[in-house]
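Have the model open as you read.

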Amino acid sequence: MDIKLITSDMDKIKADAVIIGIFEDTDGNDIEKMLDKTLEGAVARLRQTKEIWGKLSELTIMHSPARFKASKAVILGLGKKQEFTAVKLRAAVADACRILQRKNSLDLALVLPDTGLDAGDIGLA
């Protein structure tokens, strides 16, 4: 399994799946707004209909998203931002990787909003 932390535009990433982290208690951070724009409002609609909450390890897989080079866009819940830690990040990403591995997605990219964590902590997660 190959996992990359990416800093470029998520719609330009070539991978089996792009995992995009969102928080439960913050609507509309920069990453979520960019994802919603790229997916033509799909994220906002999923939030409005309560299909996604952003709860820790919640996973929503969108297959063949328009305007994405990756085969799947995966929305990963990160829980509440004020309770977020490197340990919770590690657990959520591990859960997502296990599920995606079972779906034969082995080349993964991770896109995170501002987590408040030190880059070293994210790298260790």
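Two strands count as paired if DSSP finds at least two bridges between them. By that rule, strand β3 (residues 59-63) and β4 are partners: 5 bridges join them, and they run antiparallel. Keep in mind that this is a predicted model.

| Strand joined to β4 | Bridges | Direction | A residue and its partner in β4 |
|---|---|---|---|
| β3 | 5 bridges | antiparallel | L59 with L76 |

So how buried is β4? Of its 6 residues, 6 are buried, so the strand is largely enclosed by the rest of the structure. In a regular strand, side chains alternate between the two faces of the sheet. For β4, K72, V74 and L76 are buried on one side, while A73, I75 and G77 are buried on the other, so both faces end up covered.

Next, the nonpolar packing. The largest nonpolar core holds 20 residues, and M10, V18, I20, L35, F68 and I75 have the most contacts inside it. Elements giving it two or more residues are β2 (17-22), α1 (30-38), α2 (42-48), β4 (72-77) and β5 (107-111). Another core, of 16 residues, lies apart from that one and includes A17, F23, L76 and L100. For a close-up, pick I20: leaving out residues up to four places away in sequence, I20 touches M10, I31, L35, A73, V74, I75, L76 and V111.

Now α1. Its buried residues are I31, E32, L35, D36 and T38. Viewed down the helix axis, the buried residues of α1 fall within an arc of 165 degrees, so they line one face of the helix. They pack against β2, α2, β4 and β5. D30, K33 and K37 are exposed on the other side of α1. Just past the helix, E40 takes a positive phi of about 55 degrees.

Zooming out, the protein has 4 helices and 5 strands, in the order β-β-α-α-β-β-α-β-α from the N terminus. It has 125 residues, 44% of which count as buried. Taking contacts between residues at least 6 apart in sequence, 68% join residues at least 24 apart.

Technical notes:
Residues numbered from 1 in each chain as written. Predicted model: local features only at pLDDT ≥ 70, side-chain atom pairs only at ≥ 80, totals over all residues. Heavy atoms only, no water. Core = buried A, V, L, I, M, F, W, Y, C linked by side-chain atoms within 4.5 Å. Buried < 20%, exposed > 50% of the residue type's maximum accessible area, 1.4 Å probe, protein only. Contact = heavy atoms within 4.5 Å. Arc of directions from axis to C-beta.
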